[in-house]
Amino acid sequence: MEINIRKETLADYRIVEELTQEAFWGSMEHPTCYILQLAEMGVRTPVCSLIRTKDGISLYRVESEGKKLILKVFERGEDAREIDNYLMLSKLKIQTLPLLGYTKNAILLLDVESSDEYRLGKESDLSDTKVAGAIARWYTKLHKMGYEYLTDSEIPMYDESDMLTIDNMGMIAEKTGTVENMLWQTIAQNYNMIRSLIDALPRTLTYNDFYWTNLIVSKNSEIAFMFDYNLLGKGIAYGDVRNVTSSLSREAAEAFVQEYSGDIDEEQKKADAFIAPVVSLVVACGYEIFPSWAESSLEELKNGDILRHLKEWLGMGIL
């Protein structure tokens with residue numbers, strides 16, 4: 001699909017939203033205004049409607065010259081890393097939605113609902129063995145190309161393990177009322193060693209956010225890939241594998257494992273059993289109300305499972 005890339009006057013734009021004149025011109029002055037993003041990309045005479053706004057990220061449905069598109073606008077600079085992630089994945093020839101245009105604050109994508117070839121994921125895909133195999137092939141390529149990319153790249157990237165700081169451990173302990181839990185004392189006494197071992201784990205590109213709502217599937221189910229790359233970064237491959245298989249049905253998880261051909265070792269599995277629930281707790285404690293999706297990690301903390309996993313990774317004799 002080609003989009004004419006040329007500058008247009010703002011008079012060409014029809015806005016499908018109930019804005020007062022004051023609100024309209026106020027929004028026009030904002031550097032992340034969606035109208036300005038479309039103008040910069042040269043999209044002609046678009047009709048736009050807001051799909052949703054959440055946490056500083058807005059999605060718009062756009063129709064222009066018979067084409068149906070999706071515009072994603074980022075208000076915060078840290079969220080705009082998704083733009084670089086699209087460009088990086090494209091360079092590595094890892095399948096994504098076609099990036100039809102971009103600015104420093106926004107990306108323009110195909111509206112999948114208008115595609116003859118692809119569809120949005122659905123919950124039943126989590127039980128579909130054919131789809132699971134296709135997902136595994138996408139993750140295999142992501143991880144394979146990721147190892148090579150990170151070997152040659154010095155660009156700093158999002159890494160979930162960076163959340164494992166002494167300050168964050170104290171924050172979890174305080175907010176969950178677990179200050180007396182032996183895990184925190186153990187981490188504090190051995191932090192330098194734990195940090196060194198984490199840093200020594202092999203890193204690849206990791207998606208970090210698997211769920212069916214972030215899935216694109218070809219209509220013949222032969223191809224599947226993820227979209228929404230805000231949390232894509234570097235990490236250990238097994239973290240992705242665990243994240244996917246824990247969401248799939250038993251049969252689909254088996255199909256995924258059978259098709260996935262990346263390198264996974266026992267060291268990664270042991271490390272992930274400790275790292276994953278602690279990262280979940282760091283993120284969860286950033287919310288005013290503790291989210292339900294992190295309750296299992298909190299239970300692992302309280303019943304001693306996280307401490308046990310840490311000891312199993314490091315060796316009982318060390319602790």
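Begin at the end of helix α3, where Lys93 follows the helix with a positive phi, near 60 degrees. The model on the screen is a predicted one. Most residues other than glycine have a negative phi. Lys93 is not a glycine, although its phi is positive, about 60 degrees. Select the loop between α3 and β5 to see where Lys93 lies. Is Lys93 buried or exposed? Lys93 counts as exposed, because its relative accessibility is 67%, and the cut-off for an exposed residue is over 50%.

**Helix α3**

Next, select residues 81-91, which form helix α3. Which residues of this helix are buried? They are Glu82, Ile83, Asn85, Tyr86, Met88 and Leu89. To see what covers these buried residues, display strands β4 (67-74), β5 (99-102) and β6 (106-110), which are among the covering elements. The cover also includes helix α4 (129-152) and strand β8 (204-206).

**The three-stranded sheet**

Now select strands β7, β9 and β10. Together they form an open sheet of three strands in the order β7-β9-β10, and the pairing is antiparallel. Which strands are at the edges? The edge strands are β7 (118-120) and β10 (224-226), each of which pairs on one side only. Neighbouring strands of the sheet are turned against each other by 25 degrees on average, when direction is ignored.

Zoom in on strand β9, residues 215-218. How many bridges join β9 to β10? There are three, and the two strands run antiparallel.

From β10, continue into the loop between β10 and β11 (233-235), where Asp228 is found. Asp228 is a residue other than glycine with a positive phi, near 70 degrees.

**Helix α12**

Move on to residues 305-314, which make up helix α12. Its buried residues are Ile306, Leu307, His309, Leu310, Trp313 and Leu314. Turn the view to look down the axis of α12: these buried residues fall within an arc of 160 degrees, so they line one face of the helix. What covers them? The cover includes helices α6 (182-189), α7 (191-200), α10 (266-284) and α11 (295-302). Just after α12, select Gly315, which takes a positive phi of about 105 degrees.

**The whole chain**

Finally, display the entire protein chain, which has twelve helices and eleven strands. The chain has 319 residues, of which 49% count as buried. It exposes about 16,600 Å², and carbon and sulfur atoms supply 50% of that area. Among contacts with a separation of 6 or more, 69% are between residues 24 or more positions apart.

Colour the chain by pLDDT as a last step. The mean value is 89, and 89% of the residues reach 70 or more. Then select residues 1-29, where the pLDDT is below 50. In the model, this stretch has 56 contacts beyond near neighbours in sequence.

Notes: Residues are numbered from 1 along each chain as its sequence is written. This is a predicted model: local features need pLDDT of at least 70, side-chain atom pairs count only at pLDDT 80 or more; totals for chains, interfaces and linings use all residues. Side-chain values use heavy atoms; hydrogens and water are left out. Buried means under 20% relative accessible area, exposed over 50%, partly exposed in between (1.4 Å probe, protein chains only). Helices (H or I, at least four residues) and strands (E, at least two) are DSSP runs, numbered from the N terminus. Contact means heavy atoms within 4.5 Å. The arc is that of the directions from the helix axis to the C-beta atoms. pLDDT is the predictor's confidence in each residue, from 0 to 100. Two strands pair if DSSP finds at least two bridges between them. Axes are lines fitted to C-alpha atoms, for helices over the stretch in contact, and angles run from 0 to 180 degrees between N-to-C directions. Accessible areas come from the Shrake-Rupley method with a 1.4 Å probe; for residues, only the protein chains shown count as cover.
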